[in-house]
Amino acid sequence: MKVRSVVISETIFLAFVFLLVNIRSLIFWSLYPPTDTITEPAWREILLWLLALVLMYYLLIKHSLFETYLQAWRQQPLLIGFIVFSLASIFWSNTWTVTLHRSLAFVFATAAAVYLGVRYSINKFLHVLVLLGLVILTASYMLVVASPALGTALNHPYYGAWRGIFWHKNQLGNIIPIFNLVFLFWCFSSNVRNNLLERIAAVLLYVLSIIMIFSANSVSGYILVLLIHFAFGAALLWLKIRHLM
């Protein structure tokens, strides 16, 4: 039962973090949430961050990682200084409530990122990203098919360009290449090479992500995909020939 509660808490925490990091890019949330009063959506977002951090503290204790987490912070004095500077900018901001909201979101996202760094190995984090990419792809495809008025752009000159669950086609075009790279890595990972079903799933997700990028009609997305594939090809070539040099 204890193991199950930890797994559930970890799942909720990851869902919270990835949702909150992208929340203002998603169609069901305001791009510029008002911050004038405590009841505004912006502060509900901060409340969700606080709940996520409570879960993070619980997980740090359960995984016996609290001291490791603090040590990771101690090794990054420049990052701490940058965070303090971000918070201090409230004092010279023309709209201090907006600055406070953005600064808190930045601080909480950084705190969560440090947890992810100490909690997961590269391979485990790759699997987390695969699942996240699967959720985003599935939700975006479903929205495009079920409700084109929400899932595609309706204004000239980008009529029909896919935007999925995001406000703008460029947001979709910029984030999906990241998951395209994740699926590409997954295709070449040793575990997948030994499992036919996983390899088929990895290739399918890779192809679906490519289709989504080109359907978004986003030039920045096209450039990112080309750069990612060039870098991936160069890395593979280096791994093949470095022992000869």
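How much relative accessible area does Arg 24 have, and is Arg 24 buried or partly exposed? Its relative accessible area is 21%, and Arg 24 is partly exposed. The cut-off for buried is under 20%, so Arg 24 does not count as buried. Keep in mind that this is a predicted model.

## Arg 24 and Glu 45

Arg 24 has a partner. It forms a salt bridge with Glu 45, and the closest N and O atoms are 2.7 Å apart. Arg 24 sits in the loop between H1 and helix H2 (41–62), while Glu 45 belongs to helix H2, so the pair ties together parts that are 21 residues apart in sequence.

Glu 45 has a relative accessible area of 1%. That makes Glu 45 buried.

## Glu 10 and Arg 119

The structure holds two salt bridges. One of them joins the side chains of Glu 10 and Arg 119, at 3.5 Å from N to O. Glu 10 is part of helix H1 (residues 2–22) and Arg 119 is part of helix H5 (residues 96–119), so this pair ties together parts that are 109 residues apart in sequence.

Is Glu 10 buried or exposed? Glu 10 counts as buried, at 6% relative accessibility. Arg 119 counts as partly exposed, at 22%.

## A nonpolar patch

Now turn to the surface. Phe 188, Leu 236, Leu 237, Trp 238, Leu 239, Ile 241 and Leu 244 form a nonpolar patch there. Together they have about 680 Å² of accessible area.

Which helix gives the most to the nonpolar patch? Helix H11 (residues 219–241) does, with five residues. Leu 239 lies in helix H11. At 51% relative accessibility, Leu 239 is exposed, because exposed means over 50%.

Notes: Residues are numbered from 1 along each chain as its sequence is written. This is a predicted model: local features need pLDDT of at least 70, side-chain atom pairs count only at pLDDT 80 or more; totals for chains, interfaces and linings use all residues. Side-chain values use heavy atoms; hydrogens and water are left out. A salt bridge is a side-chain nitrogen of Lys or Arg within 4 Å of a carboxyl oxygen of Asp or Glu. Helices (H or I, at least four residues) and strands (E, at least two) are DSSP runs, numbered from the N terminus. Buried means under 20% relative accessible area, exposed over 50%, partly exposed in between (1.4 Å probe, protein chains only). Patches are made of residues with over 30% relative accessible area and no salt bridge: like charges are joined within 9 Å, nonpolar side chains (Val, Leu, Ile, Met, Phe, Trp, Tyr) within 5 Å. Accessible areas come from the Shrake-Rupley method with a 1.4 Å probe; for residues, only the protein chains shown count as cover.
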